[in-house]
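Hi,

Here is the structure I promised to pass on. Have a look at it first, and then read my notes below.

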Amino acid sequence: YMGILINQMRCIWNKVNGMTKGFCKRGFSAASIKLPGIALDIDGVLRKGNFAIKNGPKAIELLKTPLCELSKKWLQVESSIPFVLMTNGGGYLESFKSRELNRILGIDNTRSQLSKDDMLLCHTPLRELASDYKDKYVVVAGLGDILSIALDYGFKKAITLDEYSALFPYLSRLSIQGKKKEDVQKLAERARARLGLPQVLKFPPPISAIFVMSDPTMWEENLQIMCDLLISKDGIPGSIRSKKEAQVVDFYVTNVDFVYADAFVLPRHAQGCFLICLNELYKRQYNRGIDTVTYGKPSAITYKHAEKMIKKKCDPRCEITKFYMIGDNPEGDIKGANTNGWKSVLVKTGLFKGPTNDPHHPATFIKEDVLEAVKHIFKIEGISEQSSLNIYS
């Protein structure tokens, strides 16, 4: 620990003496430090359910270590390697997810503590769409506190699919019968009060878009109402547009993963399974497909958003020259990295078990766990020249 302490003291001394401000004057030009940007998956890489995966906390500690403690070359730079945790999970605000992960990894109130700015959830990029729909009714679906997410992002007229069903129970009578009458009434009243809807509606308000923000529950209800809205002429259930008419209700999904790694020994079904059912039902009933905008890994939209987040976190004197993805899912993490020009690192702690590379989406590197992956990236990128952190041991 003596080496770490000495470097921390150097960082403090440099800050006090204004050496950071004089960085360029000391022979460094703007963006003269070349650094990698790193994205890490969460499930199967850092955690399984409510349990931390071995070496996950150490990997975060290493990523959070200031550059001035990693190399004598960068004594003036107190920021760390820019990284994000990029997951196809969601259902809660980024601030909640960071607190949850801090608790699971045991890094609460430490220097390694994660913040909401470190989190890229499956629905995080949707925030950029809020201005397009701020005055339009949109339906949001999925498990978790999705209404809080939608309102926080700026979707002022968001209505959950549960609320929509409660307001118009004739759309899915079987699912309504399985709920308590008082719960349905509370949902309907909540929606009326928030959206200023009259007690009696002759027609439902027109829906402009559907956002599947996490894995839906009550599949029969979600499938029925989504099909009704997507086939409609005007965003109001009850009509069927012709094949020549374009889809009126925009459809956004945030995760096409078929399975994911959780605490159970076998993989668990993910949002992609629901989407397969929805598309199959829609095709069988209406003999057409659904125009869909896809977010989440491996989509280019999500990887571009990750690049923006990483660059935003980068010290202005540094330049990101390469992006790395560390993940356990070849279909999502590795495929997304490979097709978007990133380097990929496949770990064996989640869906992928090895021993050979994935035949369909081969990774650039294969490592045992996330700590080994981070150390390898640091080594090939020349991040550390010191042994004080013992990062290569």
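Let's start with a helix: H2 (residues 56-64) lies across E1 and E4 and runs at about 150° to E4. Helices (H or I, at least four residues) and strands (E, at least two) are DSSP runs numbered from the N terminus. Contact means heavy atoms within 4.5 Å, and axes are lines fitted to C-alpha atoms, for helices over the stretch in contact, with angles from 0 to 180 degrees between N-to-C directions.

Before you go further: this is a predicted model, where local features need pLDDT of at least 70 and side-chain atom pairs count only at pLDDT 80 or more, while totals for chains, interfaces and linings use all residues. Residues are numbered from 1 along each chain as its sequence is written, and side-chain values use heavy atoms, leaving out hydrogens and water.

Now the sheet. Six strands make an open, parallel sheet in the order E5-E4-E1-E13-E14-E15; two strands pair if DSSP finds at least two bridges between them. E5 (119-120) and E15 (365-367) are at the edges with a single partner strand each, so one side of each has no neighbour in the sheet.

E1 (residues 33-40) pairs with E4 (residues 83-86) over three bridges, with leucine 40 facing its bridge partner leucine 85 in E4. E1 also pairs with E13 over eight bridges, and proline 36 stands opposite lysine 322 in E13.

Helix H11 (residues 300-313) lies across E1, E4, E5 and E13 (318-327).

Cheers
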